[in-house]
Amino acid sequence: MKSSEKKVVFIQGNEACAEGAIAAGVRFFAGYPITPSSEIAHTMARRLPPLGGVFMQMEDEIGSLGAVIGASISGTKAMTATSASGFTLMQEFLGYASAVEIPCLIVDIQRAGPMGGMATRPSQGDVMQARWGTHGDHPVIALAISSAAEMFNLTIRGVNLSERFRVPVILLSDEVIGHLREKIELPDPEEIQLVHRKRAQGPREKFEPLDAPEDGVPPMACFGDGYRASGYTSMIRNQLGDPSGDPKIQDFLMRRLHNKVYKHLDEILSWEEFHLEDAEIAILAYGSPFRSAVRAMKTAREKGIKVGIWKAITIWPFPDQPVRALAAKVSKIIVPEMNLGQLFYEVERCACGRAEVFPLQRVDGNPITAQEILKKIEEVR
Amino acid sequence: MANIARLACRPSVKRIWCAGCGNGTILGAMVRAMHKMGLDPDRVAFISGVGCVGRASNYTDFDSMHTPHGRTIPPATGIKMSRPDMQVVILTGDGDSVAIGGNHFIHAARRNIDITLVIANNMIYGMTGGQVAPTTEIGDLATTAPYGNIERPFDICRLAESAGATYVARSTTYHVLQMIQYIERAIRNKGFSVVEVMSQCPTQYGRMNRIGDAVEMLKWLKERAISIERAKALAPDQLQGKIVTGEFVNLERPELSEEYAKLIERARNRENQRNL
């Protein structure tokens with residue numbers, strides 16, 4: 001398609017997220033008001049009904065993700081959006097969605113915290129909460145977002161990944177991106193690739209809800225499909241979906257849930273590289289600090305410092321192998337984050353001495369600037 | 001509708017309820033009510049929470065969901081709103097529905113969403129070891145109230161009524177035919193319906209409060225039960241220790257999923273006019 005035919009819009013990040021969700025086929029949204037995510041709810045409340053979709057404002061964030069799970073079990077692509085303590089309240093059902101294999105999308109527009117913090121200022125304080133916030137071992141996929149265009153495109157990707165692997169997918173954005181207005185090019189709807197969960201097939205008598213094929217993702221019997229689906233229990237359960245106290249079954253289920261994500265990293269991990277060919281210093285950036293990193297890289301290169309950027313998009317599962325390869329290529333890695341070191345330690349773990357890793361942390365509620373990154377580059381070079 | 005026994009207990013599942021527990025009576029009553037109504041089992045979503053009675057959904061042969069503790073209503077809301085053709089029924093306990101799940105309970109009643117909530121109220125947390133519940137009577141003993149409970153219990157039916165439920169009834173595990181009738185009316189009601197069933201937990205409540213075994217507890221429920229009509233003639237102090245049974249609310253009010261269908265129509269019309 002010629003680029004001239006593409007639709008260009010000037011849009012807010014949160015609105016782009018909602019539009020991406022609609023393009024991805026999301027037809028159920030439940031949420032609870034919280035700054036700086038509320039515009040996603042506003043847009044969904046206006047956009048979904050004419051499409052025959054459902055918007056629910058629930059009594060709290062627990063209820064919001066619960067309703068999303070109910071809609072997803074009924075075969076509807078569903079999502080919620082939240083921030084800060086709202087994301088914390090969702091952790092219980094996030095664990096349920098992960099354990100019981102319910103596709104759903106959770107958007108977290110991170111704000112300066114903890115708790116009330118500064119509701120209209122950004123942070124990246126939920127990186128570890130996204131990974132380990134809910135109890136017990138569990139797989140989760142989280143994508144970091146750095147532009148309004150990604151709010152659109154990665155929302156679609158997030159929905160697709162959740163449908164493909166029957167996992168909750170978390171979009172980690174922040175206040176800067178949520179409230180940023182910028183020009184984005186919308187893809188032709190016909191070009192958008194949509195993924196739908198595998199549905200149960202064949203006679204009911206032969207259907208076993210937890211019988212997973214080789215890829216570890218069992219076909220899903222949704223409510224009303226006629227399978228009298230029995231596997232949606234938070235208990236450890238066997239192939240038939242019946243609760244079980246057998247350690248072997250517990251072990252098998254735990255490992256299958258883990259492996260269905262960790263054995264498909266080629267489908268899940270994504271990142272972008274900028275000017276790394278000759279780089280001695282890499283900025284490993286994700287989310288809104290990536291934008292400042294671009295400016296810092298350009299200025300540094302004008303000064304003759306060989307700097308490149310490794311932009312993480314999938315942050316959970318953490319891209320171990322690609323970051324190891326990066327550490328083998330450059331001598332220094334700077335990790336700018338709006339927290340007191342969350343992804344930094346993951347990078348350091350993978351670099352494992354092959355490259356020196358330097359944190360650049362800001363937690364005053366202001367975005368990390370290009371000048372700060374440039375200063376750090378000059379400091380460590 | 002297929003075999004009642006099969007609907008209430010899938011043969012592959014191990015059942016964990018104690019001998020003499022009231023849960024089986026209540027689950028049986030629910031399935032009998034649905035059978036009597038001729039409901040298509042493929043169009044029933046059966047949801048339960050956590051606790052002894054929470055296991056019920058695993059036993060049944062419907063589309064079933066066993067939610068986190070206290071969270072039956074939010075997924076039920078999502079199911080009803082995306083599949084309004086499904087009959088959504090919940091079997092929950094007193095702790096599950098009005099302690100940890102109390103917020104969802106009042107809001108579902110306020111919304112009058114077409115969900116039927118059957119509450120097995122045994123006035124105690126059975127599975128976790130006999131702890132005090134928000135339904136335990138003052139003075140009763142529990143493992144976390146060894147000197148006697150001092151907190152006033154909820155009247156679940158009055159709570160449901162004041163929050164907006166459009167069908168509210170109370171029965172006991174002794175009054176099985178009445179219970180089946182109330183559950184049937186609750187499912188038929190297009191709106192949020194609550195049936196509270198006073199039930200026996202001989203293992204925890206009965207033993208700790210020296211009421212006796214399951215038979216003694218059923219007698220105890222029978223003796224304490226008084227119909228709503230007879231209760232009207234009595235003064236509040238004469239109702240001390242009584243279980244008032246009957247239908248407290250049965251009225252029509254706009255139901256959420258039906259109202260939402262109208263909202264979709266309105267939104268579509270507005271969109272069409274804008275596009276003209």
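In what order do the nine strands of the open sheet lie? In this predicted model, the order is 10(A)-2(B)-1(B)-3(B)-4(B)-6(B)-5(B)-8(B)-7(B), and the pairing is mixed.

To locate a bridge pair, display A:Thr233 together with B:His66, its bridge partner in strand 2 of chain B.

**The helix on the sheet.** Next, select residues 176–188 of chain B: this is helix 8, which packs on the sheet. Helix 8 touches strand 3 (87–93), strand 4 (115–121), strand 5 (167–172), strand 6 (193–198) and strand 8 (243–250) of chain B. The direction of helix 8 makes about 165° with that of strand 5 of chain B.

**A helix pair in chain A.** Finally, select residues 320–329 and 343–351 of chain A, helix 12 and helix 13 respectively. Their axes lie 8 Å apart and the packing angle is about 65°, so helix 12 of chain A is roughly perpendicular to helix 13 of chain A. The crossing of these two helices is right-handed.

Show the side chains at this contact: helix 12 of chain A contributes A:Asp320, A:Val323, A:Arg324 and A:Ala327, while helix 13 of chain A contributes A:Val347, A:Cys350 and A:Ala351. Of these contact residues, five are nonpolar, two are charged and none is polar.

Definitions and conventions: Residues are numbered from 1 along each chain as its sequence is written. Chains are lettered from A and ligands numbered from 1 in the order in which they are written. This is a predicted model: local features need pLDDT of at least 70, side-chain atom pairs count only at pLDDT 80 or more; totals for chains, interfaces and linings use all residues. Two strands pair if DSSP finds at least two bridges between them. Helices (H or I, at least four residues) and strands (E, at least two) are DSSP runs, numbered from the N terminus. Two residues are in contact if their C-beta atoms, placed from the backbone, lie within 7 Å. Axes are lines fitted to C-alpha atoms, for helices over the stretch in contact, and angles run from 0 to 180 degrees between N-to-C directions. Angles under 35 degrees count as roughly parallel, over 145 as roughly antiparallel, 65 to 115 as roughly perpendicular and the rest as oblique. A crossing is left-handed if the near helix is turned anticlockwise from the far one by less than a right angle, and right-handed if clockwise. Ala, Val, Leu, Ile, Met, Phe, Trp, Tyr, Cys and Pro count as nonpolar, Asp, Glu, Lys and Arg as charged, and the others, Gly among them, as polar.
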